[in-house]
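Please read them with the structure open.

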Amino acid sequence: MPGTSPLRAWLAQRPPAAGAAVMATGIVSVALHLTGYELLSRVILAVACFAWLTLAADFALRLLGDRARWIREAGTPGALTAVAATTVLGTRFSALGWQTLAETLLALAFVLWPGLLVLVVRNYRRPMPGAVFLSCVATEGLAVLAATLAKAQAVAWPAYAALVLFWLGLVLYVCALYCFDLRQLLDGHGDQWIAGGALAISALAGAQLIAVGGEGMYLWDTDDSSVLRTVTLALLVLDLCWYAVLVVAELVRPRLRYDVRRWSTVFPMGITAAASVSVAAAAHVPSRGLGEVLLWVAVAAWLAVATGAVLDARAGLRALR
């Protein structure tokens, strides 16, 4: 468009899946916080906030200026990164003690979630890339944030809402798995990793629910707690199995060129680290050490993809001048 700045033109070319950059950056910040690296966590959180604000502004401008395109893109799985990214930031803000801001982000994510979910699920077909699992990720992200707020504020009703979202997310995972094209393990450009990441965020939601149930509030009986613990541990084990399979697939067929979908590789790495640490604390299993190792793998991946993103953005802006 004449008169449009190169930055605005470059942003207009970003696909909805670019929101995975906020998801990945935010969850790395969360994992660093869980393992005690607070200063680095806050630095990376600032980057995530800047990216969220930038993409949110572009989201609003598309809605107001190009409604047809917005509706068309809202039906793609990548649109759900808006929900997931918002819940990840809300979870980190809650850990900082900023509960009002976390509640606001939960409300915003919850308002966006049903409409986008219906549009996305309605377009399910076979075969689909790994982004199909974002329906589960967005739903479990709401569960994580709701359970986090329930624990922080010692209020029961968000925990009950989180439990419903937790089970719904697992149903959506099964639906997504049915549509997922397994050939993406070797052919995908990064988002195939969400197949494991969706299980990791489900395990994190389970860990948060276990933790809030141990805060002195009577939320569910012993049998229900036992089922929740068993399912959470199973989810973490399955996620780690996916992680191993995905690593082997990357070694068999390396894909080293930068692609915006590589942020969807970093997010599962970071969420697996966070889930391992959280499940260790909530369910008293020895997975914290593994989580700390996987955290630095995620940090290294984040740095590599961030470097690729900066170089790609610089080249894109130069081309538009």
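1. Salt-bridge network. Glu38, Arg42 and Arg92 are joined in a network of salt bridges. A salt bridge here is a side-chain nitrogen of Lys or Arg within 4 Å of a carboxyl oxygen of Asp or Glu. The structure holds eight salt bridges.

2. Basis. This is a predicted model, in which local features need pLDDT of at least 70 and side-chain atom pairs count only at pLDDT 80 or more, while totals for chains, interfaces and linings use all residues. Residues are numbered from 1 along each chain as its sequence is written, and side-chain values use heavy atoms, with hydrogens and water left out.

3. Arg253 bridges to Asp187, with the closest N and O atoms 2.5 Å apart. This pair links distant parts of the chain: Arg253 sits in the loop between α11 and α12 (263-283), Asp187 in helix α9, 66 residues apart. Helices are DSSP runs (H or I, at least four residues), numbered from the N terminus. Arg253 is partly exposed at 39% relative accessible area, and Asp187 is partly exposed at 38%. The cut-offs are under 20% for buried, over 50% for exposed, and partly exposed in between (1.4 Å probe, protein chains only). Asp181 forms a salt bridge with Arg183, closest N and O atoms 3.0 Å apart. Asp181 counts as buried at 12%, whereas Arg183 is exposed at 53%.

4. Glu292 and Arg288 meet in a salt bridge (3.0 Å, N to O). Both lie in helix α13 (residues 288-320), four residues apart, about one turn of the helix.

5. Aromatic pairs. There are eight aromatic pairs in the structure. Rings of Phe, Tyr and Trp (its six-membered ring) pair if their centres lie within 6.5 Å; planes under 30 degrees apart count as stacked, over 60 as edge-to-face and the rest as tilted. Phe180 and Trp242 are edge-to-face, 6.3 Å centre to centre with 70° between the planes. Phe180 lies in the loop between α8 (157-179) and α9 (184-187) and Trp242 in helix α11 (residues 222-252), so the pair ties together parts 62 residues apart in sequence. Both Phe180 and Trp242 are buried. Trp193 and Tyr243 are also edge-to-face, at 5.4 Å and 90°. Trp193 is in the loop between α9 and α10, Tyr243 in helix α11, 50 residues apart. Phe133, Tyr173, Phe180 and Trp242 form one aromatic cluster.

6. Core. Which residues have the most contacts inside the largest nonpolar core? They are Phe133, Val137, Trp263 and Phe267, in a core of 101 residues. Helix α10 (residues 194-213) gives the largest share, 13 residues. A nonpolar core is a set of buried Ala, Val, Leu, Ile, Met, Phe, Trp, Tyr and Cys residues joined through side-chain atoms within 4.5 Å. Beyond four places in sequence, Val137 is in contact (heavy atoms within 4.5 Å) with Met23, Ala84, Ile194, Ala198, Ile201 and Phe267.

7. Surface patch. Tyr37, Leu39, Leu40, Val43 and Trp296 make a nonpolar surface patch of about 500 Å². Patch residues have over 30% relative accessible area and no salt bridge, with nonpolar side chains (Val, Leu, Ile, Met, Phe, Trp, Tyr) joined within 5 Å. Helix α3 (residues 38-65) supplies the largest share, three residues. Leu39 lies in helix α3 and counts as exposed at 70% relative accessibility.

Definitions and conventions: Helix = DSSP H or I, 4+ residues; strand = E, 2+ residues; numbered from the N terminus. Patch = residues over 30% accessible without salt bridge, like charges linked within 9 Å, V, L, I, M, F, W, Y side chains within 5 Å. Areas by Shrake-Rupley, 256 points an atom, 1.4 Å probe, with all protein chains shown as cover.
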